[in-house]
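User: I would like to learn how to read salt bridges in a protein model. Please take me through some cases.

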Amino acid sequence: MNLDLLTREALAAFAADHREAFEAELRLLVEIPSVSADPAHAADVRRCAEAARNLFERHGGQAEILETDGNPFIHGWLGDDPGLSTITVYNHMDVQPANEPEWTAEPFNFVVDGDTYRGRGSTDDKGPAVTAFFGALAAKKAGVPLNIHFLWELEEEIGSPNFAGGLDKYKDRFKTDAIVVSDTVWITRGKPSTPAGLRGLKGFILTLETADHDLHSGVVGGAARNPLAELIELVSKMMDGNTGKVKIPGFYKEVVKPSKKELAGWATSGFTTETFMKDHMLKGLRTMEPLGILKRVWGRPTMEVHGVVGGYTGPGIKSAVPPRAEVKLTCRLVPDMDELKTMDRIKRFVKKHNPDVVVHEEHGLAPFKGHVTGPYAEAIRDAYQFAFGAACTFTREGGSIGAVKTMEDILGSQVFFLGLSLPEHGYHAPNENYDWEQAGGGMAAFARYFQTVSGIKKQ
Ligand code: BES
Ligand code: MN
Ligand code: MN
């Protein structure tokens, strides 16, 4: 191992020398609209898998596209020496749809604007994926004795429905000492954080039909049932729209409160209400108290109303009684909540309060409890400090990544997080972006991480 190539200066030089190649690779990937939610993009998803495989091969790595019952995933690797330890890096190559009207340029054109890279998928999660890959190239160039494997999924943004089945089929190729995921956000620029937990997610749709077609509200109104009003009434019984409190009996029963130590870490993480509001351009909040916000986003479950479908939405008013309506909801789940128990409570509640409402369940994700001690967690801490000159806080994450718990369960190794995205990069938002400071520093952080973990004795 050539330690001279692993100093901060040498890695900064590596990043600068590879900036052009990094931008070219990220451009290729961002310009493929690999929207997993939309069947019309199936061919693009496939093209993205091929582009990812080509990326590994262009830089001296190997890669294969592995088929599942849904979208494939990519297995790439730099080194496969049975005498060495192996680290597997997880990222996802699928992206959210990008039809928000606020985009200032075509979302699948990669725009380089000084140090900012714009385009759907630039930060979630193609930018961090390519960053980790270049960090691995830097480590390999310095002769770090480690097998570095990559697992790039193409169904993350739809809840990873075929990931467990696929991984189970190919698990023998993924024998690994630890897994590192780069798909999370910092507190703010200069303040890295790594999650010690993720929330789970369970979606469901409520539908109600009370007639066959639109009816004149002067002719039947007053006597006819109104499905839109009934669903609104039901939802307001389920949760308080102002405070967010869920009123379903037992909903919070299995929630594990954050420990004193965790809360102390959150309180000193550098989080401020003002920056949070600015980063996300929020106009108001349910609480202004910083720790209150973190407890709600990281430590508590939610019930969210995402969409109400039904009735007339054109100009003016059409005074009809609508025949049917639908409400789309999800719950974010925290440890130790259970998807089945939660859904069972919701279904019983709906049945009791409006037996005609039909509940349709979506694929769910379990909450995840992470690891904050041991050599692999220490290596994460060290990598951030080394590359960005700032200590990271072990926090939790309000979002969900379906593959995380699945990888621990099937591969039997622990998952750690080395995320690089910032709140203002705008996960899922219009004008999503990533930047060179995070990418260049991220390459150094990954290279350092690989160096450190290559020295951990195999268990
Ligand atoms: N990268 C995010 C997960 C995430 C979100 C991490 C916020 C940290 C903070 C991931 O791509 C994502 O968006 N997950 C979805 C999963 C869902 C669509 C099944 C999520 O959390 O909504
Ligand atoms: Mn992501
Ligand atoms: Mn996402």
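User: Which residue forms a salt bridge with Lys202?

Analyst: The general idea is to look for a side-chain nitrogen of Lys or Arg within 4 Å of a carboxyl oxygen of Asp or Glu. In this predicted model, the partner of Lys202 is Glu339, and their closest N and O atoms are 3.4 Å apart. The two belong to distant parts of the chain: Lys202 is in strand S9 and Glu339 in helix H9, 137 residues apart.

User: Is Lys202 buried or exposed?

Analyst: Buried means under 20% relative accessible area. Lys202 counts as buried because its relative accessibility is 4%. Glu339, at 21%, counts as partly exposed.

User: Where in the chain are Asp382 and Arg448, which also meet in a salt bridge?

Analyst: Asp382 lies in helix H10 and Arg448 in helix H12, 66 residues apart. Their N to O distance is 2.8 Å. Both count as partly exposed, Asp382 at 25% relative accessibility and Arg448 at 22%.

User: Which residues are joined into one network by salt bridges that share partners?

Analyst: Arg189, Glu424, Asp435 and Glu437 are joined in this way. Arg189 sits in the loop between strands S7 and S8, whereas Asp435 is in strand S18, 246 residues apart. Arg189 is partly exposed, with a relative accessible area of 33%, but Asp435 is buried at 4%.

User: How many salt bridges does a search of the whole structure find?

Analyst: The search finds 32.

Note on methods:
Residues numbered from 1 in each chain as written. Chains lettered and ligands numbered in written order. Predicted model: local features only at pLDDT ≥ 70, side-chain atom pairs only at ≥ 80, totals over all residues. Heavy atoms only, no water. Helix = DSSP H or I, 4+ residues; strand = E, 2+ residues; numbered from the N terminus. Buried < 20%, exposed > 50% of the residue type's maximum accessible area, 1.4 Å probe, protein only.
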